[in-house]
Amino acid sequence: MDNYIVSARKYRPSTFRSVVGQKSLTTTLKNAISTNKLAHAYLFCGSRGVGKTSCARIFAKTINCLNMSPEGEACNECESCMAFNEQRSYNIHELDAASNNSVDDIRALIEQVRIPPALGKYKVFIIDEVHMLSSAAFNAFLKTLEEPPHYALFILATTEKHKVLPTILSRCQIYDFNRISIPDMVEHLQYVASCENVNAEEEALNVIAQKADGGMRDALSIFDQVVSFTGGNITYQAVIDNLNVLDYEYYFRLTDSMLSGNVREAVLTLNEILSKGFDGQNIITGLASHFRDLLVCKDDSTLVLFEVGASIRERYREMAKHCSDPLLFKAIELANTCDLNYRVSRNKRLLLELTLIQLCQLSRPAQPVPAGTNRIEPMASTQGQTQSQANTVRASAPSPSPQQVVTTQVPADAPLPNTMHVPPPSPPPAGSRPAARPPVTTSLRNLGKDNKQQVQQKQVETVIQQSNSFDQSDLIRCWEAFAMGIDTKVHLKNTMLNCHPVLKENFYFEVAVHNPAQQEELINNSIDILSYLRAQLKNTGIQMQVRISETNEKKLAYTSTEKYEHLLSINPAFAKLREEFNLIID
């Protein structure tokens, strides 16, 4: 029984021509060999499994070949090539810096550099994972790397170039290896499958290539694993079962649910996926990639960015016709937001389901805004630009006034809040005029559809036309009545009881609060407050301004310069300290 050799070793490149996905680098190396313009030190960097060490060995064998071909390839027949292929060449030395990273290891290598080659022109030293060398080893290696003998040539390989000392980088020619593309990887896997007499579907090999994430060695290892699982007949279904990869079909089902607005079907599909053991974050990241693939399939010019098989490609193109660009933009944004919040969420499944619900709402048309409704545009923002509930209060640029003033405008037909019970205001004291009664609402339960719409339209018109006058005492009475009816929002209740409104002209009133927290609390509940006041005072033009009282406003230091000036006001010696040490405020 022959010894089994894994595909990653059996099909390891032995010539520049057989290197996968690095054509520009191999062409550069072959031209350097043919023109005899060889540097004394090279640095090969790139992710794992892209051919760094393989190219270093091929390069070392080729420059010592005695009968090199016109194309710049080694002949594999001369004594030097035979010695290299049989791993008995004394001209090529490999050092694994991951396990030999001390100063003594580098000193032993330097002693070998002094011995000239017995056969061939060059003595090549390949140092793999060079970033693992210690600082002392790097320093001991510097002089030899800068001025080696004419026959010595160093090839350093690393996956983390940023960990290599700049003094080493400056002495080397740097070659950055690309991640191997999916088409190149699939083509090589098809070649390996034909050599091994293995039947493989293109879609199955495409999934293997995506799972390998740009590394040819990983792809060949996965290929061997799937061959063992399938017995030599690699199918798409067998690959996704063995590698625990989520099938494209689930993404298409979720997209169909999103387009049809079927929330229940989307949640059931998610439950089916989770029951198969898939991680929630992998699901949402895969869904975001799915929406991205649909987006690039909408245009032939961007179709080159879509790296899947032909059959799946056609299905993506067909579904992309039913998805508008704004819908896909928003879907990608929602999926990405869910991905960012997934790790910190305590109820991860609920987060996924909420995202699917939001996705299903994208295809539904927006509700029309009734005529006569005012837009909600605050005049200024609080500290940090506070945003109110349901995106109804937007913050604009702060005014130049030293006070922070926020004006909230609420549509005239805003419904009375259902979240809190507010009793009617107490009767007015003797001698004052009676309070305005709230508008009478017609019951719509027993009316037809057309009649309901007519009654609703009349109600809106009735509410819009209300503009009864009122005075300061009426405003404070309704304001306190609303505050006393609050049960759950204690902070809002205390704020309203301690900060009374002051009536201005044109039905505007102003509330002076003591701190930004009170200001934010009033803004966030402005819809409920104004809806109640408009109903009780029978005036739809009521608007509210919230500001921080000048006596309570504090100047806070936010930037580095402001913090430094604050420290300088406390202790002037900080200026001398900054001057002596030449400190810079960042």
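How many helices and how many strands does the secondary structure of the protein chain come to? The count is 24 helices and 11 strands, where helices are DSSP runs of H or I with at least four residues, strands are DSSP runs of E with at least two, and both are numbered from the N terminus.

Before the details, the ground rules. This is a predicted model, in which local features need pLDDT of at least 70 and side-chain atom pairs count only at pLDDT 80 or more, while totals for chains, interfaces and linings use all residues. Residues are numbered from 1 along each chain as its sequence is written, and side-chain values use heavy atoms, with hydrogens and water left out.

Some totals for the chain. Of the 586 residues in the protein chain, 42% are buried; buried means under 20% relative accessible area, exposed means over 50%, and partly exposed is in between, with a 1.4 Å probe and protein chains only. The accessible surface comes to about 32,600 Å², and carbon and sulfur atoms hold 51% of that; the areas come from the Shrake-Rupley method with a 1.4 Å probe, and for residues only the protein chains shown count as cover. Among contacts with a separation of 6 or more, 72% are between residues 24 or more positions apart, a contact being heavy atoms within 4.5 Å.

Now the parallel sheet. It is an open sheet of 5 strands in the order β2-β3-β4-β1-β5, with parallel pairing; two strands pair if DSSP finds at least two bridges between them. Axes here are lines fitted to C-alpha atoms, for helices over the stretch in contact, and angles run from 0 to 180 degrees between N-to-C directions.

Leu-95 has Ile-127 in β3 as its bridge partner. From β2 the chain goes through α5 to β3, a right-handed β-α-β crossover; right-handed means that, with the strands pointing away from the viewer, the path from the first strand over the helix to the second runs clockwise.

Helix α3, residues 52-63, lies across β1, β2, β3 and β4, and runs at about 165 degrees to β4. Helix α5, residues 103-113, lies across β2, β3 and β4, at about 165 degrees to β3.

Next, Tyr-151, in the loop between α6 and β4. Is Tyr-151 buried or exposed? Its relative accessible area is 11%, so Tyr-151 is buried. Leaving aside neighbours within four places in sequence, Tyr-151 is in contact with several residues, including Val-113, Ile-115, Pro-117 and Tyr-122. Pro-117 is 34 residues from Tyr-151 in sequence, with 7.5 Å from C-alpha to C-alpha. The side chain of Tyr-151 also reaches the backbone oxygen of Arg-114 at 3.0 Å.

Thr-144 is in helix α6 and is also buried, at 13% relative accessibility. With neighbours within four places in sequence set aside, Thr-144 is in contact with Ile-110, Val-113 and Phe-154.

Strand β9, residues 501-503, pairs with β10, residues 508-513, in the antiparallel sense over 3 bridges. Val-502 stands opposite Glu-510 in β10. The hairpin of β9 and β10 has 4 residues between the strands, and Asn-506 takes a positive phi near 60 degrees in this hairpin. β10 also pairs with β11, residues 543-548, but in the parallel sense and over 6 bridges. There Glu-510 stands opposite Gln-545 in β11.

Most residues other than glycine have a negative phi. Asn-197 has a positive phi near 55 degrees; Asn-197 is in the loop between α8 and β6 and counts as exposed at 70% relative accessibility. Lys-538, in the loop between α22 and β11, has a positive phi near 50 degrees and counts as partly exposed at 25% relative accessibility.

Technical notes: A polar contact is a pair of N or O atoms within 3.5 Å; within protein, one must be able to donate a hydrogen and the other to accept it, and residues adjacent in sequence count only if both atoms are side-chain atoms.
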